[in-house]
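These are my notebook entries on a few local features that I looked up. The entries follow the order in which I consulted them.

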Amino acid sequence: MTNWVDACAADEIDQEDVVRFDHAGRTFAIYRSPDDEYFVTDGLCTHEKIHLADGLVIDDTIECPKHNGRFSYKTGEARGAPVCVNLKTYPVKVEGDRVMIGLGA
Amino acid sequence: MNGDAGIIIVGAGECGARAALGLRENGYRRKITLIGDEVHLPYERPPLSKKVLLDHAEPRLPAVLNDLALAEKAIRHIGGASADAIDAAGKRLILSDGRALSYDKLLLTTGAAPRRLANTPASSRILYLRTMDDAIALRSHIRANMHVAVLGGGFIGLEVAASARSYGAKVTVIESQERILKRGVPELIAETITALHQRNGVAVKCGVAVLGIEADERHVGISLSDGKVIAADVLVVGIGAQPRTELAVKTGIAVDNGIAVNEHLETSIADIFAAGDCCSFPHPLYGGRRLRLEAWRNAQDQGILAAANLMGAARCYQAVPYFWSDQFDHTLQIAGLVDEGRTVVRRDLDDGAFILFHLDAEQRLVAASGVGPGNRIAKDIKLSEMLIAKRIMPPIEALTDGVNLKSLLPKAA
Ligand SMILES: Cc1cc2nc3c(=O)[nH]c(=O)nc-3n(C[C@H](O)[C@H](O)[C@H](O)COP(=O)(O)OP(=O)(O)OC[C@H]3O[C@@H](n4cnc5c(N)ncnc54)[C@H](O)[C@@H]3O)c2cc1C
Ligand code: FES
């Protein structure tokens, strides 16, 4: 069962950008792609647990603000040194003007 | 000649490890041997002055490659062995234990070593910081109420000072120049960092020379040119590093402030490459100016590029120089070369964070430097780096007014 959590307003995130979302003791990163799709990953880099929301979104990648490790925020795939562990991704949907993210039940 | 001898990498640090991984990533199938004079698996150095000192439990080696990864990638790591000589004509590397290994191609990633103080007494209370073993030794001397003196207001000294303060140690930084971070860091940023240290209780003494050092196994006394004597429990010396060029010099490889390589990272002798802290290279973004960097990202990127070129790619190294430093809750980042700038434009961000844009005589962006709490400046520095790489001449108002730097990048076709 997916538990849908209301995370933020859809226009709170700029196009090709990311925001941080904290929920129930966990932290996530919510992305809006250049073509207006939304995505969610774990909020912390898999290298040294840095908040990815301070990083830069270009196309479909998020670049970590600390050592510039890159991930695809769409698939979570780690794309080159120094990151080698993929990011966990979560389902997301937009309802009205709200972004909802799907967490485990 | 030695068709299956493979590639030997001398120096199992960041750069060497990244090169070894890069070779496999690019599909290299023959032998890869990674030789390091440290006994440890390849590890990252940046945490040594930060996390490794601060971890309250036992410090963990920040490994780049563990045994499993080495086995999976079929990379042979020989630890605790130093490469003593190269027989370039016979394409053999001679190790300190007398072993001779044949190579098809050789990569030197020998890094740098701390500059040592001359004429100081031998004492376990005078320490340098380059290796994991150094960090472990230093940790054992940092305690609340101990007095840690740091010689040199460069990055390593300042990071050690910040870490030592977190333990509640008394900390004094001694810098002979009139300000800290004289090399490559703008004065405004150095001022912010000085204030940060003072706010956190570090005594920062600039413009004083060391006249003499006395030490035994418990104390260090440092006599300064202002007539004062600092009585410390431990002295950490951070007065810069020198490239490890011994092996290259012995072999007759050209050296110029580091092992001199061309834009493909090739040395003056065929089939021998060099990369990372040990080498100097011409940088195309700055008119071919010869640089030697001591920076983690450069070591990583040059290692990856060397891997491609060892396999014949002939790619040019042209990454924008980049460096960061973490002190207390602040991060400083620099992209590009500050000393190439003629004018400086400032942009203020939230929480006291700010960025300086450095423009050359033609108003081209050649560097961006910034400091602030957390990772506040990271996005703008990263975008600046992209602007520098693309040799953009941004309108000054756009830099000061806080427009999204992304909008200054050329649109992808
Ligand atoms: C304490 C500390 C903190 C740092 N913090 C930062 C930071 O915050 N940000 C940043 O950008 N950079 C930082 N750096 C710099 C960064 O770590 C270096 O740029 C990077 O490690 C260089 O990698 P390298 O592989 O070229 O050289 P090294 O890491 O020095 O590795 C070279 C290795 O080769 C070995 N070797 C040398 N000669 C021989 C031989 N003849 N035979 C066998 N082995 C040999 C050496 O012992 C060493 O293990 C820091 C460095 C230190 C020491
Ligand atoms: S913390 Fe993200 S790359 Fe290091």
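Before reading any pairing, I noted the criterion: two strands count as paired if DSSP finds at least two bridges between them. I also noted that the model is predicted.

**Entry: a sheet in chain B**

I looked up the strand order first. β4, β5 and β6 of chain B make an open sheet of three strands, in the order β4-β5-β6, and the pairing is antiparallel. I then asked why one side of β4 and of β6 is left without a neighbour in the sheet. Both β4 (83-87) and β6 (100-102) of chain B stand at the edges with a single partner strand each, so one side of each has no neighbour in the sheet.

β4(B) is joined by four bridges to β5 of chain B, residues 92-95, and the two run antiparallel. In this pair I found Ile86(B) opposite Leu93(B), the latter in β5(B). As background, I noted that strands of a sheet pair through backbone hydrogen bonds, either parallel or antiparallel.

**Entry: a hairpin in chain B**

I turned to β13 (residues 210-215) and β14 (residues 220-224) of chain B, which pair in the antiparallel sense over five bridges. How many residues lie between β13(B) and β14(B)? There are four, and the two strands form a hairpin. Across this pair, Gly212(B) stands opposite Ser223(B), which belongs to β14(B).

**Entry: a cis peptide bond in chain A**

I checked the peptide bond from Ala81(A) to Pro82(A) and recorded it as cis, with omega near 0°. I located Pro82(A) in the loop between β7 (70-72) and β8 (89-90) of chain A.

**Entry: positive phi values in chain B**

I looked up two residues other than glycine with positive phi. For Asp351(B), phi is near 60°. This residue, Asp351(B), is found in the loop between β24 (343-348) and β25 (354-359) of chain B. Is Asp351(B) buried or exposed? The relative accessibility of Asp351(B) is 62%, and the cut-off for exposed is over 50%, so Asp351(B) counts as exposed.

For Arg391(B), I recorded phi near 55°. Arg391(B) has its place in the loop between α9 (378-389) and α10 (396-400) of chain B.

Terms used. Residues numbered from 1 in each chain as written. Chains lettered and ligands numbered in written order. Predicted model: local features only at pLDDT ≥ 70, side-chain atom pairs only at ≥ 80, totals over all residues. Heavy atoms only, no water. Buried < 20%, exposed > 50% of the residue type's maximum accessible area, 1.4 Å probe, protein only.
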